[in-house]
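Dear colleague,

Please read them with the coordinates open beside you.

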Amino acid sequence: MGDVSGHDLISDLPQSIIESILVQLPIRDAVRTSILSSKWRYKWASISQLVFDDKCVPTCNDRDVVEQSVVKFITRLLFLHQGPIHKFQITNSNLQSCPEVDQWILFLSRNDIKELILELGEGEFFRIPSCLFNCKKLTRLELSRCELDPPLSFKGFMCLKSLNLHQVLISPDAIESLISSCPLLESLSLSYFDSLVLTICAPNLKYLCLEGEFKDIFLEDAPLLIEISVAMYMTDDNAEHFEQSSNCNFAKFLGGVPNLERLVGLIDFTKYLSIGNDPKNLSIMYNNLEIIELYQVSFEDMKEILVVLRLITSSPNLKELQISGSSNIPTATDTPDLDFWGKECPLDATLRHLKVVKLTEMCGVPHEMEFIKFLLGCSPVLETMSIICSAYDMEIQLKMLIELVKFRRASTRAEIVFIRE
């Protein structure tokens, strides 16, 4: 390399700068720099971030051959590596559960690993070895499709800030204990958990993402949360479990998170919040909440509508609102209790900062139209309201447009964009 150009400037750079260059390359290319010259033979061997994806070895049609190539490549690389490994990531669909994974984790537990991401290919779940729990300096842990069983002697990951578990088999007591024993935890993501009753105690938690068939969720100690995203997937058994409880789900889930800035409620979330006692006496205000996204809201269910109204009117600095409906046209049209709006909507409600509203899956049923009327009438700085109509009947679309034109607008600048699906 230096023989051609005279003076080899790159090879003389400090090792820290060379490493920052090498970590930007795919791991296969970083290792191949060893052929550039004798100086570069082991430059790659001290990089502290190792990422093995589907491109780390050449592919072919024989999956077993590719898997063996991946195993040999990772094992040899770790054998030749020098110095600490701060990040180790496997996101390789060709790699299945194998004994070598245990050996790699044991090796990492002795090398100051800080970030560990394991996502193997489809197939048998692999059991995480107990040596993982000796990784005392972990700050980020992401596991997919595995079994996790913390030993009784485990006292927690004292440095862990981010925990992401996807399709992980772990007992309810163990997951709660794991969360509560990570005092610095800031980001938590749990997905594809079945029939889990979950109590979360994480005083430094800021970001929460939940997806699965949860039987119940209680945010017992998470006062610093600023972003929440939840998909519930309520089964008939779970719904029956909720209905037998008189507790207010709204209070259990949102009663102790006053610092929220963004809330995303996906499948069945408003249905879950609506179960239990009426949250009208809840005194909490969400002064930092600027973005609310709620999907599959049933405008046939008065309790779900009430949840939406409570959230909106308790968020004085709300700027963006997105609602997706899921109404059944015949049922919702047949039983409109429109007195509800006069009883439940605060007469002095004003959404002083709401600028953008997006309503999707709207079909023009009475309670949807009353909700739109409410938003237009109490949003003095509203700039855009987009309505995506899911009704195919031209007569229904025309009726919606006629009603929209009649509604009073608190904002003289408000533009309504009506879109037909």
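In what follows, a helix is a DSSP run of H or I with at least four residues, and helices are numbered from the N terminus. Please keep in mind that this is a predicted model.

With that definition, Lys252 is found in helix α8, which covers residues 249-254. Is this lysine, Lys252, buried or exposed? Its relative accessible area is 13%, and because buried means under 20%, Lys252 counts as buried. Apart from neighbours within four places in sequence, Lys252 is in contact with Asp216, Ile217, Phe218 and Leu219, and also with Asn247 and Tyr272.

Helix α6, residues 172-180, has Ala174, Ile175, Leu178 and Ile179 as its buried residues. Viewed down the axis of α6, these buried residues fall within an arc of 130°, so they line one face of the helix. In general, an α-helix has 3.6 residues a turn, so residues three or four places apart point the same way.

The last item is a pair of helices, α10 (residues 302-313) and α13 (residues 366-377), whose axes come within 12 Å and cross at roughly 10°. Because angles under 35 degrees count as roughly parallel, α10 and α13 are roughly parallel to each other. On the α10 side the contact is made by Met302, Ile305, Val308, Leu309, Ile312 and Thr313, and on the α13 side by His367, Phe371, Phe374 and Leu375. By class, this contact of α10 with α13 has eight nonpolar and two polar residues, with no charged residues.

Key:
Residues numbered from 1 in each chain as written. Predicted model: local features only at pLDDT ≥ 70, side-chain atom pairs only at ≥ 80, totals over all residues. Heavy atoms only, no water. Axes fitted to C-alpha atoms, helices over the stretch in contact; angles between N-to-C directions. Helix = DSSP H or I, 4+ residues; strand = E, 2+ residues; numbered from the N terminus. Parallel < 35°, antiparallel > 145°, perpendicular 65-115°, else oblique. Contact = heavy atoms within 4.5 Å. Nonpolar A, V, L, I, M, F, W, Y, C, P; charged D, E, K, R; others polar. Buried < 20%, exposed > 50% of the residue type's maximum accessible area, 1.4 Å probe, protein only. Arc of directions from axis to C-beta.
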